[in-house]
Amino acid sequence: MLDPMQTDRAPEPPFWSRPLAGLVSELGAGPEGLAGKEARQRLARYGPNRTVVHEAGLGQALLGQLANPLVLTLLAAAALSAGFGEGTNAIVISAIIALSVALNVAQSFRSRQAVAALHRQGATTTCVLRDGQRVALPLDEIVPGDVLELAAGDLVPADARLLEARDVFVDQAALTGESLPAEKQVGELLGPLGLDQAGNSVFAGTSLVSGLARALVVRTGAATAIGAVAVGLARKPPPTEFERGMAAFSSLILRATLGLVVFAFLVVALVRHQPLEAFMFAIALAVGLTPEFLPLIVAVTLGRGAMAMARHGVIVKQLQAIENFGSIDVLCSDKTGTLTEGRMALDRAVDAHGEPSPLTLAAASLNAAHETGIKSAIDEAIQAAHAAEPGWTKLDELPFDFHRRRVSVVLERAGARQLITKGALEGILPECTRYLAGEAAHPLDAAARTLLEATHTRLGAEGLRVLAVARRDVPTQAVYGPDDEAGLTFLGFLALIDPPRVDAAAAIKALAADGVRTVILTGDNEGVTGCVCRSVGLPLDRIMLGTELDQVRDEALVALVTRIDVFARVSPEQKVRVVHALKQAHHVVGFMGDGINDGPALRAADVGISVESGADVAKAAAAIILARPGLEVLHRGVLEGRRSFANVTKYVLMGTSSNFGNMFSMAGAAVLLPFLPMLPTQILLNNLLYDMSQLAIPGDQVDAVDAARPRRWDIAFVQRFMLHVGPVSSVFDFLTFGWLYFGFHAGAALFQTAWFVESLLTQTLVIFVIRTKGRPWASRPSAALAANVLVVCAVAVALPYTHVAGWLGLVPLPAPVLGAIALTVAGYLLATEWAKRRFYASLPGR
């Protein structure tokens with residue numbers, strides 16, 4: 001028997017390309033449906049018809065967050081601080097860890113929301129033949145081999161092959177991306193056709209717009225097309241660019257901290273023979289080296305970005321998406337609703353020669369207004385373009401069917417009766433004997449037929465949906481039938497289009513100017529796709545089809561995706577392949593989609609984006625929701641993300657240059673001096689004040705150059721910056737040690753106090769140098785950052801003169817020492833500016 005759990009990736013063709021007789025035989029199906037006993041056995045074998053998969057619980061999500069190297073380092077620092085009496089420091093670090101972990105764990109339930117949304121796409125019961133009787137069964141009880149009976153308005157509960165069909169149109173836009181209902185009929189298909197071309201089958205999650213059908217269930221549950229989407233959504237998504245960058249930075253911090261702390265402990269313990277003092281000093285160094293405020297800085301920075309985007313109608317579900325936004329250099333998007341408005345509109349009405357034809361439009365509007373079948377987007381577009389002429393009375397209607405491929409109405413006014421028909425050219429042209437050119441009717445000979453077919457082909461090549469319109473005068477009679485649709489006069493063509501959005505071309509151009517390439521992934525056909533892409537200015541050197549994509553190995557696809565901007569007739573799985581290939585080609589990928597079929601790609605991308613009007617599945621899988629579709633608002637999001645990234649980078653570069661330089665100096669001084677250069681308590685206070693001075697970084701202003709191109713985590717860049725700029729801090733620290741010890745002959749208390757003040761001033765004031773690639777005086781910081789830094793500097797200078805100085809081991813500083821500190825700080829800032837300029841000059845691409 002056919003295994004319904006087989007996927008389309010198997011060597012054998014998909015079920016819609018297999019002979020129907022063979023499917024019926026292998027599934028053991030019959031015209032009366034399954035027997036009740038057999039159905040129960042199959043339910044036990046294949047399981048309920050639902051898309052439930054294993055999901056990670058809260059505990060697993062929490063453990064996953066705690067496994068982050070940076071979090072582990074911070075937890076160790078908090079535990080050691082608490083163990084050695086530094087309760088305040090332990091509480092601060094623990095609170096920051098809790099806040100960061102809580103924000104991230106809250107996002108882990110998006111997979112459950114996505115799967116639950118899939119369940120809401122289906123009905124609670126469906127009509128099935130069992131033991132020859134029509135019964136309404138719960139959706140969960142449908143099994144392979146069941147025979148479904150479907151009517152207009154029904155949701156399809158499983159993937160099935162049509163056994164009987166009458167006038168069936170199915171809305172499968174959410175699954176395939178098609179903007180119009182798809183025509184379905186019984187028949188055999190040849191060749192490796194995709195799901196969007198499976199005209200003889202219906203699929204779970206879609207719905208019948210019109211007609212009646214009887215269908216054989218082939219796949220249920222997770223084996224259906226929509227089930228495959230659910231399985232993909234429930235899997236853990238691949239790490240985003242932000243997560244990869246943070247993991248790499250955390251590993252760098254962990255390695256550097258462990259190395260310096262072990263070195264400091266061993267040296268102090270061996271030189272001074274005081275292991276307890278050495279251990280306390282090493283722990284203080286570890287806390288000083290650990291950027292415990294980084295999670296808070298990141299959370300606040302991204303939170304501000306999210307609020308800024310909310311003012312433009314963008315809902316940020318996952319804060320990390322803000323920073324990923326700033327890093328994307330490829331934006332993948334469906335065509336419908338993004339480049340286009342997602343609705344049908346009349347582009348033109350023309351005659352046989354392609355010239356404007358008001359008569360064709362007037363006749364078509366009468367047909368659309370008086371048709372009483374299922375109203376389509378086409379009828380709405382016609383009526384929106386031209387109101388039907390009043391005074392006509394409807395006498396009869398010949399509804400659309402697949403054999404005739406046209407719909408006709410019979411109307412009367414002032415005693416004159418007309419039959420007006422519209423439909424496919426192949427359904428109307430054979431019934432015509434004359435055609436209209438201008439206002440004159442001409443015989444429809446072979447040359448005229450060639451002319452009409454050429455005009456039809458030319459319009460279709462422009463990506464337009466083309467309908468033919470004809471009419472004839474009819475005699476008075478009681479009833480009209482298909483035989484009366486003969487001897488027609490061909491009036492002309494209606495050309496319809498899903499109009500390009502007015503802002504699409506400008507937004508694509510703006511994104512390209514800011515370093516973001518737009519790639520189209522659509523289930524629609526290549527003709528329509530090409531027309532829309534050309535209209536919005538996308539390069540169209542080649543359109544790759546889904547069938548071609550299947551023939552390309554993953555390794556070759558990585559090279560192809562860098563050269564191809566448009567993919568048409570692609571399935572959900574193929575969209576994911578393209579996204580993965582782009583990421584393997586070292587691109588940061590955003591994906592925008594609004595249908596069920598977009599769910600897996602939304603999860604696979606670094607940033608998943610959907611719209612408020614999209615399918616529940618798409619919205620649950622996305623990290624960002626747009627209140628309205630379009631690319632212009634995405635451009636704003638990209639720039640906001642770059643600003644957020646720039647501000648987080650400022651904190652990272654501060655911590656890995658000045659701060660690391662100071663801690664390195666401290667470890668070295670512990671070897672050279674007869675006393676510790678700073679007491680453990682002073683190190684912790686120094687670190688706390690330094691972190692507080694940086695709390696205003698999230699709201700800092702960002703230079704235009706930092707938002708001009710995509711930015712991404714580059715640990716090699718951070719390491720190079722640390723090695724170029726960090727030593728400047730150490731050089732001036734050792735100069736300070738020299739003039740304190742040899743110039744002022746400072747004892748332990750004076751030395752520790754002076755260096756406490758000097759190190760805090762250099763660490764905090766250097767933000768004004770590091771925060772910009774240009775000249776510090778040409779890039780003004782935010783008022784809050786400037787005030788924050790200056791207040792902390794004032795506290796550092798004032799502390800030795802306060803009542804708490806004795807508790808901290810600080811003593812008042814003589815004026816000459818203060819003067820020497822001021823000169824040292826000024827020299828350090830100038831030297832850092834020089835080192836920074838040399839560093840960026842060596843990186844012309846930045």
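A: In this predicted model, the largest cavity has a volume of about 110 Å³. The count of cavities of 30 Å³ or more comes to six.

The lining of the largest cavity consists of Ala646, Thr649, Lys650, Leu653, Asp706, Arg711, Phe717, Ile770, Arg771, Thr772, Lys773 and Tyr840. Helix H24, which spans residues 632–672, gives the most to this lining, contributing four residues. By class, five of the lining residues are nonpolar, two are polar and five are charged. Among the charged ones are Asp706 and Arg711, while Phe717 and Ile770 are among the nonpolar ones.

Turning to the salt bridges, the model holds 30 by count. One of them joins the side chains of Asp146 and Arg130, with an N to O distance of 2.8 Å. Asp146 belongs to the loop between strand E2 (133–138) and strand E3 (147–151), whereas Arg130 lies in strand E1 (residues 125–130), so the pair ties together parts that are 16 residues apart in sequence. Asp146 has a relative accessible area of 0% and is therefore buried. Arg130 is likewise buried, at 13%, because the limit for that class is under 20%.

Another salt bridge is formed by Glu485 and Arg406, whose closest N and O atoms are 3.0 Å apart. This pair links distant parts of the chain, 79 residues apart: Glu485 is in the loop between strand E16 (465–473) and strand E17 (488–497), and Arg406 is in strand E12 (residues 406–413). Glu485 is buried, with a relative accessible area of 0%, and Arg406 is buried as well, with a value of 5%.

A further salt bridge brings together the side chains of Arg569 and Glu526, at 3.0 Å from N to O. Here too, distant parts of the chain are linked, 43 residues apart: Arg569 sits in the loop between strand E20 (566–568) and helix H21 (572–584), and Glu526 sits in helix H18 (residues 526–535). Arg569 counts as partly exposed, at 26% relative accessibility, and Glu526 also counts as partly exposed, at 33%.

Definitions and conventions:
Residues are numbered from 1 along each chain as its sequence is written. This is a predicted model: local features need pLDDT of at least 70, side-chain atom pairs count only at pLDDT 80 or more; totals for chains, interfaces and linings use all residues. Side-chain values use heavy atoms; hydrogens and water are left out. On a 1 Å grid over the protein atoms alone, a cavity is a set of points where a 1.4 Å probe fits but cannot get out, and a pocket is an open set with protein on both sides within 12 Å along at least five of seven lines; lining residues have an atom within 4 Å of a point. Grid points are joined across faces, edges and corners, and a volume is the space filled by probe spheres set on the points. Helices (H or I, at least four residues) and strands (E, at least two) are DSSP runs, numbered from the N terminus. A salt bridge is a side-chain nitrogen of Lys or Arg within 4 Å of a carboxyl oxygen of Asp or Glu. Buried means under 20% relative accessible area, exposed over 50%, partly exposed in between (1.4 Å probe, protein chains only).
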